[in-house]
Amino acid sequence: MQTTMVIDGLVIAGMRILLFRARAKMKNIPMVPDNEKILTLTDKNFQHQTKNKLVLVDFWAAWCGPCRMMAPVLNDVASELTGNSHIGKVNIEQYQSHAQKFKVRSIPTLILFKDGKEINRLVGIKSKEFLFQQILKAS
């Protein structure tokens with residue numbers, strides 16, 4: 001009985017250490033500047049920037065490790081998009097009302113808008129290829 005409790009305690013302690021280290025590494029992921037083609041969306045321009053276009057909008061925050069991991073992927077996608085397809089970003093710390101309006105519960109959340117209307121929602125880290133597939137399907 002005591003041996004089982006000791007083993008359980010060691011396993012729990014080990015898992016906590018691993019979780020702490022993983023979180024620390026994710027916070028140290030550097031911020032990558034946005035590609036010039038990425039639309040910075042605000043309360044004032046969101047509706048205008050998503051109207052009559054296909055826009056994949058990233059809801060993100062600076063403190064979010066997975067969001068930082070997605071930034072280079074979104075930069076690559078934005079640099080290769082042509083036509084009326086775009087990438088946009090909403091900082092949920094600055095524009096909490098948009099996160100609430102679109103019921104964003106976790107980040108990164110990517111919402112695909114066509115002509116200003118939500119047509120698809122993706123949560124978590126996604127590959128460049130997967131994002132291109134989703135954009136292509138919606139075009």
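## Aspartate 76 in helix H3

Aspartate 76 is found in helix H3, where helices (H or I, at least four residues) and strands (E, at least two) are DSSP runs, numbered from the N terminus. With a relative accessible area of 38%, aspartate 76 is partly exposed, on a scale in which buried means under 20% relative accessible area, exposed over 50% and partly exposed in between, computed with a 1.4 Å probe and protein chains only. Asparagine 35 is 41 residues away from aspartate 76 in sequence, yet the C-alpha atoms of the two are 8.1 Å apart in space.

This is a predicted model, in which local features need pLDDT of at least 70 and side-chain atom pairs count only at pLDDT 80 or more, while totals for chains, interfaces and linings use all residues. Residues are numbered from 1 along each chain as its sequence is written, and side-chain values use heavy atoms, with hydrogens and water left out.

## Overall layout of the chain

The protein chain has five helices and five strands, and along the sequence these follow the pattern α-β-α-β-α-β-α-β-β-α. Of the 139 residues in the protein chain, 40% are buried. Where contact means heavy atoms within 4.5 Å, 74% of the contacts between residues at least 6 apart in sequence join residues at least 24 apart.

## The packing of H3 against H5

The axes of helix H3 (residues 65-80) and helix H5 (residues 128-138) come within 10 Å and cross at roughly 45°, which makes H3 oblique to H5. Axes here are lines fitted to C-alpha atoms, for helices over the stretch in contact, and angles run from 0 to 180 degrees between N-to-C directions; angles under 35 degrees count as roughly parallel, over 145 as roughly antiparallel, 65 to 115 as roughly perpendicular and the rest as oblique. The crossing of H3 and H5 is right-handed, a term used if the near helix is turned clockwise from the far one by less than a right angle, with anticlockwise giving left-handed.

On the H3 side, the residues that meet H5 are Met70, Val73, Leu74, Asp76, Val77 and Glu80, and their partners in H5 are Lys128, Leu131, Phe132 and Ile135. By class, this contact of H3 with H5 has seven nonpolar, no polar and three charged residues, where Ala, Val, Leu, Ile, Met, Phe, Trp, Tyr, Cys and Pro count as nonpolar, Asp, Glu, Lys and Arg as charged, and the others, Gly among them, as polar.

## The two sides of H5

Leu131, Gln134, Ile135 and Ala138 are the buried residues of H5. Seen down the axis of H5, these buried residues fall within an arc of 95°, so they line one face of the helix; the arc is that of the directions from the helix axis to the C-beta atoms. An α-helix has 3.6 residues a turn, so residues three or four places apart point the same way.

The cover over the buried residues of H5 includes strand S2 (54-60), H3, strand S3 (85-91), strand S4 (109-114) and strand S5 (117-123). On the other side of H5, Glu129, Leu136 and Lys137 are exposed.

## Backbone features in the loops

Most residues other than glycine have a negative phi, and most peptide bonds are trans. Asparagine 52, in the loop between helix H2 (46-50) and S2, has a positive phi near 60° and is exposed, with a relative accessible area of 52%. Aspartate 115, in the loop between S4 and S5, also has a positive phi, of about 50°, and is partly exposed at 44% relative accessible area.

A cis peptide bond, with omega of about 0°, joins isoleucine 107 and proline 108, and proline 108 lies in the loop between helix H4 (96-101) and S4.

## Contacts of individual side chains

Glutamine 49, in helix H2, counts as buried at 19% relative accessibility; leaving aside neighbours within four places in sequence, glutamine 49 is in contact with Leu39, Leu41 and Val55. Arginine 121 lies in strand S5 and is partly exposed, with a relative accessible area of 31%. Not counting residues up to four places away in sequence, arginine 121 touches Phe102, Lys103, Val104, Thr109, Leu110 and Ile111, and the C-alpha atoms of arginine 121 and threonine 109, twelve residues apart in sequence, are 7.2 Å apart.

Glutamate 93, in the loop between S3 and H4, is partly exposed at 40% relative accessible area. Apart from neighbours within four places in sequence, glutamate 93 is in contact with Ala61, Ala62 and Trp63; between glutamate 93 and alanine 62, 31 residues apart along the chain, the C-alpha separation is 8.3 Å.
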